[in-house]
Each structure stands twice: as C-alpha cells, then as structure tokens.
Amino acid sequence: VSILSSFIWLIIPYNFSAFFGLLILVCYQLSIYYFNLTEFVLNHPRDNLLTANKEGLLSCFGYLSLFLIGSQIGQSILHTLENCKQVTNNKNLKQINNLKLWSTVLKLIVISIVFWIVVGISEK
C-alpha cells in the first residue's frame, strides 16, 4: 500500500490524497455491489496465482484508500500542531492558537461521525 501511494503521489498532489482515497473507496464499493465481486471473492475457484490471492489483491484498494485518507488527516493535524507550538507572550496569538487546536479537534470529531454514518449506511 505504501508503494502504491508513492506512485499516486507522483501523479496527484499530496493535499488531494483524501479526495482521491474517497474516490477509490467509492469506486471499490460500487464495483463490489454492481459487478458482483463478492461472489467472485467468496465462490470463485482458486485455479491460478491471481485467483488464489483474490482477497488480498482486492483488499489493497480499501487499504490504499484508508491510507491516503489517514495520511492527509495526519498531515493536517501535524501541520496545525507545528503552527501552534510557537511560544509567544502575545495573549491574542495564544488565543488564536487555542482556537486552531479546537478547530482541528472539531474537524476530527465531524470526520469520525461522518465515517460512522457511512459505515452504518454500508451495512444496510
């Protein structure tokens, strides 16, 4: 997955990796649903090297999308923390830094809620 993401980052900018990860995830879920990949994974015979490793090969798309999304979220958090680490005596800057930190925490909560909703929808 790390090797695949390195190739993807050569093509698309790093700050679009979450969007691209979501695109991969949606396409993968749609292909499972509309092209009957579940039937292929569960019941197709294992006659050659590709079909013998079908679960692992197909799961790479899901892991890749989660890796891309997680990488951008992590980069966003680290960027915010690095900007807020600057020690200053100015009270206004400290308040702005605290606001940035709480804004990041709120974004993470919203992202978590959205992903839980998506999981709930996908299980129905």
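Predicted model: local features only at pLDDT ≥ 70, side-chain atom pairs only at ≥ 80, totals over all residues.
**Exercise 1.** Determine which residues make the nonpolar surface patch, and classify Ile121 as buried or exposed.

*Solution.* 
Step 1. The patch is made by Trp102, Val105, Ile109, Ile113, Ile117 and Ile121. Its area is about 630 Å².
Step 2. Ile121 lies in helix H6, which spans residues 91–122.
Step 3. The relative accessible area of Ile121 is 58%. The cut-off for an exposed residue is over 50%, and Ile121 is therefore exposed.

**Exercise 2.** Describe the largest pocket by volume, central residues, contributing helices and residue class.

*Solution.* 
Step 1. The largest pocket holds about 500 Å³ of space.
Step 2. It is lined by 14 residues, and those closest to its centre are Leu25, Gln29, Val118, Val119 and Ser122.
Step 3. At least two lining residues come from each of helix H2 (17–34), helix H5 (54–84) and H6. H6 gives the most, with five residues.
Step 4. Sorted by class, the lining comprises ten nonpolar, three polar and one charged residues.

**Exercise 3.** Carry out the corresponding description for the second largest pocket.

*Solution.* 
Step 1. The volume of the second largest pocket is about 220 Å³.
Step 2. Among its 14 lining residues, Ala18, Ile69, Ile73, Ile111 and Phe115 are the closest to the centre.
Step 3. H2, H5 and H6 are the elements that give two or more residues to this lining. The largest share, seven residues, is from H6.
Step 4. The class count for the second largest pocket is ten nonpolar, three polar and one charged residues.

Methods:
Residues numbered from 1 in each chain as written. Heavy atoms only, no water. Patch = residues over 30% accessible without salt bridge, like charges linked within 9 Å, V, L, I, M, F, W, Y side chains within 5 Å. Areas by Shrake-Rupley, 256 points an atom, 1.4 Å probe, with all protein chains shown as cover. Salt bridge = Lys/Arg side-chain N within 4 Å of Asp/Glu carboxyl O. Helix = DSSP H or I, 4+ residues; strand = E, 2+ residues; numbered from the N terminus. Buried < 20%, exposed > 50% of the residue type's maximum accessible area, 1.4 Å probe, protein only. 1 Å grid on protein atoms, 1.4 Å probe; cavity = no way out; pocket = protein on both sides within 12 Å on 5 of 7 lines; lining within 4 Å. Points joined across faces, edges and corners; volume = space filled by probe spheres on them. Nonpolar A, V, L, I, M, F, W, Y, C, P; charged D, E, K, R; others polar.
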